[in-house]
Amino acid sequence: MKNHDATSAPLCLPPLTQASRPRWALPANATDCHCHVYQDLARYPLIEERSYTPAPATLRQYSEMCEQVGIQRTVQVSASVYGTDNSLTLDVIAALGQHRARGVAGLAADVSAAELSRLHDGGMRGVRLSTHVKGYGGTQGLDAMADRIRPYGWHVQVHVANIDELVPLEDTLLRTPVPLVFDHMGALRGSQGVDNPGFQVMLRILRERDDCWTKISSWYRRSSQGEPDYGDMAPIVRALVKTRADRLVFGTNWPHPALFAPSTVPDDGHLIDLFCDWVPDAATRERILVTNPAQLYGFDG
C-alpha cells in the first residue's frame, strides 16, 4: 500500500532557496555522487512504511543548485521513501541524459533479471542496502543481492546506522563478489574518531580490495562539533584520502533529507568549500570529483 500523507512520518525541512557560490571552482565534469529528488507525489507516491516524509525538492531546484556550485554530473540515489519503485530516478536520468546522470536503485529481494536489465538500460549502476532507513533491504540480504546484480557489473551501496556494524561484517564484505560502496564515510561520527574499530575495518577493506569505494558525504549529520565548520570530520576525510584517494567519491546529499526542525539545512556551496579546504591538492580533488566517479558509474571519459 502507498500513500502520500505527510502525517504518517515526520516532515523534513525543505532545501535552501539558493546555495551560495563556492570560493573554490570545481573541475569540469565534477560529479555529485549522492543526491535525491522528491516531486509530484501523485505520479511518484511514497510508501507507507517510511522513515520520513520529504519536502518537495524538484529536479529543477536540484539543477539550479548544481549550476550555482559547479556540478555537472549526478548520481541519483533512489530514495528509501519510494521503496523498490525506481520510476522517479529513471525519469530524472532520462531527463538529464546518461552522459550526465546515473542512478542507484532500491530493489526487492526477488527482483527479476528482466527488471534488472530494464534498470540497467535506464542508467542504474548499483543497489542500496540500509540498516538505517526503512524502504530498502538490510545488509542481511547482501550475499543474495550480490548474486543477482553480479551479471550487470553493479555495486552494492552499504548504508549502516552506525559504523560499528561493519566490525562483524568484515569477512562478508571482504568476500562479496561485487564492488562495494560505503555510504557517507561509513556513518562514522566525529566523536568516534579515526581509531574507531569500524572505521579501521573500512580502511582495511579499501586497502585490500580494488573494487571498494567510500562516499565523502553527509558529514554535517555526523559531526559532534557541528556547524559551521564540522571540524571533527576533517581528520576523517584526510584519513580516507591518505588511504585510498583513488577510491573516493563526493556527494552533496541534496536536499539533505531527514533533517527536522529545529535543525538547519546546510548550504551546499559551503559544504563544497569545506571539502576543497580538506582536500587542497587539485589533482586529488579532480580524481575524487571526476575520475573516480567516471570509473565507478561508467561515465564516458
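Axes are lines fitted to C-alpha atoms, for helices over the stretch in contact, and angles run from 0 to 180 degrees between N-to-C directions. Welcome to a predicted model, in which local features need pLDDT of at least 70 and side-chain atom pairs count only at pLDDT 80 or more, while totals for chains, interfaces and linings use all residues. Residues are numbered from 1 along each chain as its sequence is written, and side-chain values use heavy atoms, with hydrogens and water left out.

**Figure 1. Helix α6 packs against helix α8.** Helices (H or I, at least four residues) and strands (E, at least two) are DSSP runs, numbered from the N terminus. The crossing of α6 over α8 is right-handed, a term for a near helix turned clockwise from the far one by less than a right angle, with anticlockwise being left-handed. To see the contact (heavy atoms within 4.5 Å), show F199, M202, L203, L206 and R207 of α6 together with I236, A239, L240, T243 and R244 of α8.

**Figure 2. Helix α5 is packed with helix α6.** Here α5 spans residues 166-175 and α6 spans residues 197-208. Their axes are again 9 Å apart, at an angle of about 15°, and α5 and α6 are therefore roughly parallel to each other. This crossing, too, is right-handed. On the α5 side, L166, V167, E170, L173 and L174 take part. They meet P197, G198, V201, M202, R204, I205 and E208 of α6.

**Figure 3. Several elements cover the buried residues of helix α8.** Buried means under 20% relative accessible area, exposed over 50%, and partly exposed in between (1.4 Å probe, protein chains only). Within α8 (residues 234-244), the buried residues are A234, I236, V237, A239, L240, T243 and R244. Their cover includes helices α6 and α9 (268-278) as well as strands β9 (212-216) and β10.

**Figure 4. Eight strands make up an open, parallel sheet.** Reading across the sheet, the order is β2-β4-β5-β6-β7-β8-β9-β10. At the edges are β2 (31-35) and β10 (248-250), each of which pairs on one side only. Two strands pair if DSSP finds at least two bridges between them. Neighbouring strands of the sheet are turned against each other by 25° on average, with direction ignored. Part of this sheet is the parallel pair of β7 (residues 155-159) and β8 (residues 180-182), joined by three bridges. In that pair, V156 is partnered with L180 of β8.

**Figure 5. Strand β4 is covered on both faces.** Five of the five residues of β4 (residues 73-77) are buried, so the strand is largely enclosed by the rest of the structure. In a regular strand the side chains alternate between the two faces of the sheet. In β4, one side carries R73, V75 and V77, and the other carries T74 and Q76. Three bridges tie β4 to β2, and four tie β4 to β5 (residues 101-105); both pairs run parallel. Q76 is a handy landmark here: C35 stands opposite Q76, and in β5 the bridge partner of Q76 is G103.

**Figure 6. T89 sits in helix α2.** This helix covers residues 87-96. T89 is buried, with a relative accessible area of 7%. A polar contact of 3.3 Å links the side chains of T89 and S78; the term stands for a pair of N or O atoms within 3.5 Å, where, within protein, one must be able to donate a hydrogen and the other to accept it, and residues adjacent in sequence count only if both atoms are side-chain atoms. Beyond its neighbours within four places in sequence, T89 touches Q76, V77, S78, G103 and M124.

**Figure 7. D85 lies in the loop between β4 and α2.** With 24% relative accessibility, D85 counts as partly exposed. The side chain of D85 makes a polar contact of 2.6 Å with that of S87. The C-alpha atoms of D85 and P45 are 9.2 Å apart, although 40 residues separate the two in sequence.

**Figure 8. L46 belongs to strand β3.** The strand consists of residues 46-47. L46 is buried, at 1% relative accessibility. Across 34 residues of chain, the C-alpha atoms of L46 and S80 are separated by 9.0 Å.

Definitions and conventions:
Parallel < 35°, antiparallel > 145°, perpendicular 65-115°, else oblique.
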